[in-house]
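Hi,

Here is the structure I promised to pass on. Have a look at it first, and then read my notes below.

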Amino acid sequence: MYTATFRFYGSLNDFLPTGRKQTAFEWSFLHRMSVKDTIESFGVPHPEVGLLLVNSQSVGFSYVVEDGDYVSVYPATFATVDVASLSRVLPRPLPRFRFVLDCHLGKLAGYLRMLGFDTLYRNDYADPELAQIAAGENRILLTRDRGLLMRTSVEYGYFVRHTQPRQQLREVVQRFGLDQHLTPFQRCMNCNGLLQSVDKETVFDQLPPLVQESQQTFFRCSNCGKIYWEGTHFRRMQAFVGTFLGT
């Protein structure tokens, strides 16, 4: 029988039972496993991990836990540690923020598109397909399914804690620092296509009578053809976006 000691820090404690939160605990095992498999056996998905220290030395996910090891596990963002300079588990930085979301996060997908982020979503994506898209297209997988994040092929991912869509959006914006990358009202909230400005005459026969009379500025999705105009709903969305832009 072997024994190792684990200590999880910061937001990683969200995944642990009460007795293991914010404290070091011993783990006894018969068969040696990789540190990745071990931490995931505790319920912590590997994409949430930013730094692994074993006996004060940085290691990768393939490290095999030994008898007597002291394992410190830090999240990808940790206020008191420069994780990126030490880590052997963080993937390379992405050139831009692109997302793929599971079936539980449809409203969040619409909000991310509203803020201008390339966001894939279908309510019938199967888990293997989500993992494949995330890996193949270098997208960040957002999910409410811990098991999905534990798939080996998933490098970039995040478990969304909140259940209310607007709170989910604030959470994701804060987690990834998206407030510095917003380009609102450039994507279709319905399908993720890019919006293009169109003349009123081009879409006039597709507009409700009141809109024909009252609106002058229009946009059309280059993918699904949905038409947008700056009505009362748009002004409400502007006010909501303003809370992220500080206006």
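Which residue in β12 is the bridge partner of phenylalanine 219? It's tyrosine 228. Before I go on, some housekeeping: this is a predicted model, so local features need pLDDT of at least 70 and side-chain atom pairs count only at pLDDT 80 or more, while totals for chains, interfaces and linings use all residues. Residues are numbered from 1 along each chain as its sequence is written, and side-chain values use heavy atoms, with hydrogens and water left out.

Back to the sheet. It is an open one of 3 strands in the order β10-β11-β12, with antiparallel pairing. (Strands are DSSP runs of E, at least two residues, and helices are runs of H or I, at least four residues, both numbered from the N terminus; two strands pair if DSSP finds at least two bridges between them.) β10 and β12 (227-229) are at the edges with a single partner strand each, so one side of each has no neighbour in the sheet. Strand β11 (residues 218-221) is joined to β12 by 3 bridges.

Arginine 220 also lies in β11. At 27% relative accessibility, arginine 220 counts as partly exposed (buried is under 20% relative accessible area, exposed over 50%, partly exposed in between, with a 1.4 Å probe and protein chains only). Leaving aside neighbours within four places in sequence, its contacts (heavy atoms within 4.5 Å) include Leu194, Val198, Gln206 and Ile227.

Tyrosine 228 turns up again with a charge: lysine 226 lies over the face of its ring, 5.4 Å from the ring centre. Arginine 175 does likewise with phenylalanine 176, at 4.5 Å. (The rule here is NZ of Lys or CZ of Arg within 6 Å of the ring centre and within 35 degrees of the ring normal.)

Now the aromatic pairs. Rings of Phe, Tyr and Trp (its six-membered ring) pair if their centres lie within 6.5 Å; planes under 30 degrees apart are stacked, over 60 edge-to-face and the rest tilted. By this rule the count is 19 aromatic pairs. In one of them, the rings of tyrosine 2 and phenylalanine 29 have centres 5.4 Å apart and planes at 35 degrees, so the pair is tilted. This pair links distant parts of the chain, 27 residues apart: tyrosine 2 is in strand β1 (residues 2-8) and phenylalanine 29 in strand β2 (residues 25-29). Tyrosine 2 is partly exposed at 31%, whereas phenylalanine 29 is buried at 4%.

Last, the salt bridges (a side-chain nitrogen of Lys or Arg within 4 Å of a carboxyl oxygen of Asp or Glu). The count comes to 10. Lysine 36 takes part in one with aspartate 37, closest N and O atoms 4.0 Å apart, and in another with glutamate 40, at 3.0 Å. Lysine 36 and glutamate 40 are 4 residues apart in helix α1 (residues 35-41), so about one helical turn separates them. Both of these residues are buried, whereas aspartate 37 is partly exposed at 40%. Elsewhere, glutamate 129 and arginine 122 meet in a salt bridge at 3.5 Å, N to O. Salt bridges that share partners also join Arg98, Asp118, Glu137 and Arg139 into one network.

Cheers
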